[in-house]
Amino acid sequence: MSAATAPGDAPSDAAASGQAAPPAGRPRAGSMRRPLQPLDLPIIKHLNSNRVILASASPRRKQLLQQMGLANLEITPSLKPEDLDKKAYGPWEYVSTTARNKCLDVYTTTLETHLASIPDPALVIAADTIIVTRDGRILEKPRSEAEHIRMLKHLRDTRMHRVLTSVSVLAPREDARAPGYDIQSHTEETKVYFWEEGNGLPDDVIEAYVKTREGVDKAGGYGIQGIAGMLLVEKIEGSVDNVIGLPVKKTLTLAEKVIFQQDRDDYDDEGSASE
């Protein structure tokens, strides 16, 4: 009899079967893991108790926000045509203006069309993502398979490109001071490097990737969170969630400003505190 077993004690299931008991502190096989708890942050609590609109149909942006704990997002994409003249805008101005227009469009349309019994949104989030090539061209979603292949070959042959995502957030002002809302914007840049043709990314690999159709609905024609991240991308410099489509931490920071700091006019981001 071992010293660890007192007379009359029944042997454990593991001992009876001849198996070693699991180490102390480790859950037994088959035991339920405690579910993850939401982030205990004031901005998350506030947004989860109010109406929040994501002005985007992107499932990736929705998923990123849900991972941060936003459970009740209302999806209302902007129907405003994205018809800005790329030749008249630099990349930063183009992407920030597009995101801002989406945000304002969804907010004003919501106020004009929603029922009186439905509360106004506490926050509207909009974003736009573009690819900027080494030679300064703006790339968005490919319009055909042939264009898709040409786009990815160009990104490979030039090695490095920049991903710009601009996010705009808007909240109604509590004091109703004109124009009745605060809006803040931020544009983030991430540098992305593709593998070289002679180092694992020949034409047939690009063509095979295009056939998967993973990148048909994405700016630049690839999704870093999927096959492309393993097959096409060698490395990045900057935020990966920015490449996916939304710099989440900055989005929450902007939300805190337009909701909790409405009396401050010294914001240091691109957008003004109120207009």
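**Cavity lining and salt bridges**

Colleague: How do the residues lining the largest cavity divide up?

Modeller: Five are nonpolar, two polar and none charged (Ala, Val, Leu, Ile, Met, Phe, Trp, Tyr, Cys and Pro count as nonpolar, Asp, Glu, Lys and Arg as charged, the others as polar). This is a predicted model, with local features needing pLDDT of at least 70, side-chain atom pairs 80 or more, and totals using all residues. Numbering runs from 1 along each chain, and side-chain values use heavy atoms, without hydrogens or water.

Colleague: OK, which residues line that cavity?

Modeller: Leu47, Asn48, Val52, Leu70, Ala71, Asn72 and Leu73 (a 1.4 Å probe fits inside on a 1 Å grid but cannot get out; lining means an atom within 4 Å of a point).

Colleague: New topic: how many salt bridges are there?

Modeller: A search of the whole structure finds 19 (Lys or Arg side-chain nitrogen within 4 Å of an Asp or Glu carboxyl oxygen). One joins Glu74 to Arg51, with the closest N and O atoms 2.8 Å apart.

Colleague: Is Arg51 buried or exposed?

Modeller: Buried, at 15% relative accessible area, while Glu74 is partly exposed at 28% (buried is under 20%, exposed over 50%, partly exposed in between, 1.4 Å probe).

Colleague: What about Glu82 and Lys102?

Modeller: Their side chains meet in a salt bridge too, 3.3 Å from N to O. Lys102 is buried at 11%, whereas Glu82 is partly exposed at 45%.

Colleague: And which residues are linked in a network?

Modeller: Lys153, Arg156, Asp157, Glu197, Asp203 and Glu207, through salt bridges. Separately, Glu234 pairs with Arg159 at 2.9 Å between the closest N and O atoms.

Key
On a 1 Å grid over the protein atoms alone, a cavity is a set of points where a 1.4 Å probe fits but cannot get out, and a pocket is an open set with protein on both sides within 12 Å along at least five of seven lines; lining residues have an atom within 4 Å of a point.
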